[in-house]
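These are my notebook entries on a structure that I had not examined before. I set down what I looked up, strand by strand.

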Amino acid sequence: MKQLALVLAVTGAFAMGVPLAPVSASMETYEARVTASSAASLARQDMAATFGEESVKPGKFLWRDIPEDAGAERVVISLGDQLAYVYRGNDLMAVAAISTGREGHPTPPGIFNILEKKTMHHSRKYDNAPMPFMQRIDNFGIALHAGANPGRPASHGCIRLPMAFAKKLFAATSVGTPVLIGA
């Protein structure tokens with residue numbers, strides 16, 4: 001699990017200024033995409049070391065309690081694996097199956113921050129669709145939220161989470177929490 005912290009430091013995520021406070025812009029540069037993809041790759045290894053080789057089925061998640069004083073939270077999204085990983089400090093706290101953007105509506109890779117949180121939000125773009133436990137990460141409508149989780153990309157770009165996981169994640173994160181989205 002300490003591998004993720006090391007890779008983030010080595011690849012320059014912290015040198016690049018991964019923001020720890022709310023920002024209005026995301027980092028979708030080549031370097032940010034590489035850093036996020038490296039984080040996603042290492043998170044997969046951390047999952048095996050922490051939870052075993054068990055795969056996470058659509059709509060399911062694994063969660064273990066880590067003390068709040070272990071460090072700041074961050075979310076790592078693997079677009080290829082359709083998994084979300086949650087860290088507290090250097091410890092992997094949770095893994096969940098997700099559903100990201102489908103063809104024509106991709107989920108953007110890069111490094112983002114949670115900009116806004118609402119326990120219930122309705123989409124202004126897509127027929128007032130409900131977005132429970134919404135955590136917005138950009139200014140164009142991309143968010144983490146509870147929703148249908150078929151185990152494959154199926155959204156309009158958002159990152160859909162299992163309902164119970166979305167509720168726990170919402171409680172664990174705050175505005176400013178980093179979200180790394182990698183291939």
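Entry 1. The model is a predicted one. I began with a pair of facing residues: tryptophan 63 stands opposite alanine 94, a residue of β4. I then looked up the strands concerned and found β1 (residues 61-63) joined to β4 by 3 bridges, with the two running antiparallel.

Entry 2. I followed β4 to another partner. Strand β3 (residues 83-88) pairs with β4 over 6 bridges, in the antiparallel sense. Arginine 88 has aspartate 91 of β4 as its bridge partner. Between β3 and β4 lie 2 residues, and the two strands form a hairpin. I noted that glycine 89, in the turn, has a positive phi of about 65°.

Entry 3. I asked how many residues of β4 are buried. For strand β4 (residues 91-97) the count is 6 of the 7, so the strand is largely enclosed by the rest of the structure. Buried here stands for under 20% relative accessible area.

Entry 4. I turned to an open sheet of 4 strands, ordered β6-β7-β8-β9, in which the pairing is mixed. The edges are held by β6 (116-122) and β9 (159-161); each has a single partner strand, so one side of each is left without a neighbour in the sheet. From one strand to the next, the twist averages 25°.

Entry 5. Within this sheet I examined β7 (residues 130-136) and β8 (residues 143-146), which pair in the antiparallel sense over 2 bridges. Arginine 136 stands opposite alanine 143, which belongs to β8.

Entry 6. Lastly I looked up helix α3 (residues 163-172). The helix lies across β6, β7, β8 and β9, and runs at about 35° to β7.

Definitions and conventions. Residues numbered from 1 in each chain as written. Predicted model: local features only at pLDDT ≥ 70, side-chain atom pairs only at ≥ 80, totals over all residues. Heavy atoms only, no water. Pairing = 2+ DSSP bridges. Axes fitted to C-alpha atoms, helices over the stretch in contact; angles between N-to-C directions. Contact = heavy atoms within 4.5 Å. Buried < 20%, exposed > 50% of the residue type's maximum accessible area, 1.4 Å probe, protein only.
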